[in-house]
Amino acid sequence: MSSSHFTFSIYILTFALFLQTIFGASPLFHFCSSSENFTTNDPYESNLKKLLGNLYYQTPLLGFGLGSVGSYPYQTNGLALCRGDVETTDCKTCVNEASNKIHKLCPYSKGAIIWYDNCLVKYLNKDFFGQIDNQNKFYMWNLRNVSDPTTFNEKTRKLLSLLAKEASVTPKLYAVGELELGESKKLYVGPMH
Ligand SMILES: *[C@@H]1O[C@H](CO)[C@@H](O)[C@H](O)[C@H]1NC(C)=O
Ligand SMILES: *[C@@H]1O[C@H](CO)[C@@H](O)[C@H](O)[C@H]1NC(C)=O
């Protein structure tokens, strides 16, 4: 690479980082629940605003926040979660960004969920605490293919079950790990929560 190309690349990279700082990270995925909507000036709206404010203050302390605001039929329940290795300030930034973004993406939904690299925020007009959410899911994949899928899948499964065990006994329910794949390749897995 010539030095002018290199300098140019550095400019692009710096500019990209600058934009990221100004506009924040992009969400990975989101869902708006379409089953129930609220209208402008609905008490649900002010409860939701209060809930998101509470989560913003609560979440960075432990990496996890949970709460309900209001009473039926205007009650809203929410949670926010930061990845286990995310610093307090980045957690705070992410929860703030997620709350603003989900409000723009699902302005009248009584339920919504949004994922970022660093955090997730979810709210619903029903109590969902302590329940496994099998409804809201998405996946992302590496575009490159593995040369030996059988070995790869076997080792991935082994590592995942090991990490699940490990994560279950840590305070943040979080674990990362890596495994030798042979041919000087490594498999990295993380984060789990
Ligand atoms: C709620 O709003 C969304 C988006 O505007 C719409 O697609 C959906 O049908 C609405 N749901 C109800 C129950 O009105
Ligand atoms: C990976 O494998 C799929 C299915 O065989 C193929 O369609 C795709 O082009 C491959 N991707 C790469 C990056 O080699």
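Visitor: Which residues surround ligand 1?
Guide: Let's begin with the ligand in this predicted model. A residue counts here if one of its heavy atoms lies within 4 Å. By that cut-off, ligand 1 is surrounded by S34, S35 and N37.

Visitor: How far is an oxygen atom of ligand 1 from an N or O atom in the side chain of N37?
Guide: A polar contact is a pair of N or O atoms within 3.5 Å. For the oxygen atom of ligand 1 and the N or O atom in the side chain of N37, the distance is 2.4 Å.

Visitor: How much of the area that ligand 1 exposes when taken alone does the protein bury?
Guide: Start from ligand 1 alone, which exposes 370 Å². Of that area, the protein buries 30%.

Visitor: Are helix 2 and helix 3 roughly parallel or antiparallel to each other?
Guide: Helix 2 covers residues 43-62 and helix 3 covers residues 88-105, and their axes are 8 Å apart. The two pack at an angle of about 165°. Angles over 145 degrees count as roughly antiparallel. Helix 2 and helix 3 are therefore roughly antiparallel.

Visitor: Which residues of helix 3 make the contact with helix 2?
Guide: Helix 2 brings L52, L55, Y56, T59 and P60 to this contact. From helix 3 come T88, C91, K92, V95, N96 and S99.

Visitor: Which residue is joined to P73 by a cis peptide bond?
Guide: P73 sits in the loop between strand 2 (64-69) and strand 3 (76-82). With omega at about 5°, the cis bond joins P73 to Y72.

Note on methods:
Residues are numbered from 1 along each chain as its sequence is written. Chains are lettered from A and ligands numbered from 1 in the order in which they are written. This is a predicted model: local features need pLDDT of at least 70, side-chain atom pairs count only at pLDDT 80 or more; totals for chains, interfaces and linings use all residues. Side-chain values use heavy atoms; hydrogens and water are left out. A polar contact is a pair of N or O atoms within 3.5 Å; within protein, one must be able to donate a hydrogen and the other to accept it, and residues adjacent in sequence count only if both atoms are side-chain atoms. Accessible areas come from the Shrake-Rupley method with a 1.4 Å probe; for residues, only the protein chains shown count as cover. Axes are lines fitted to C-alpha atoms, for helices over the stretch in contact, and angles run from 0 to 180 degrees between N-to-C directions. Helices (H or I, at least four residues) and strands (E, at least two) are DSSP runs, numbered from the N terminus. Angles under 35 degrees count as roughly parallel, over 145 as roughly antiparallel, 65 to 115 as roughly perpendicular and the rest as oblique. Contact means heavy atoms within 4.5 Å.
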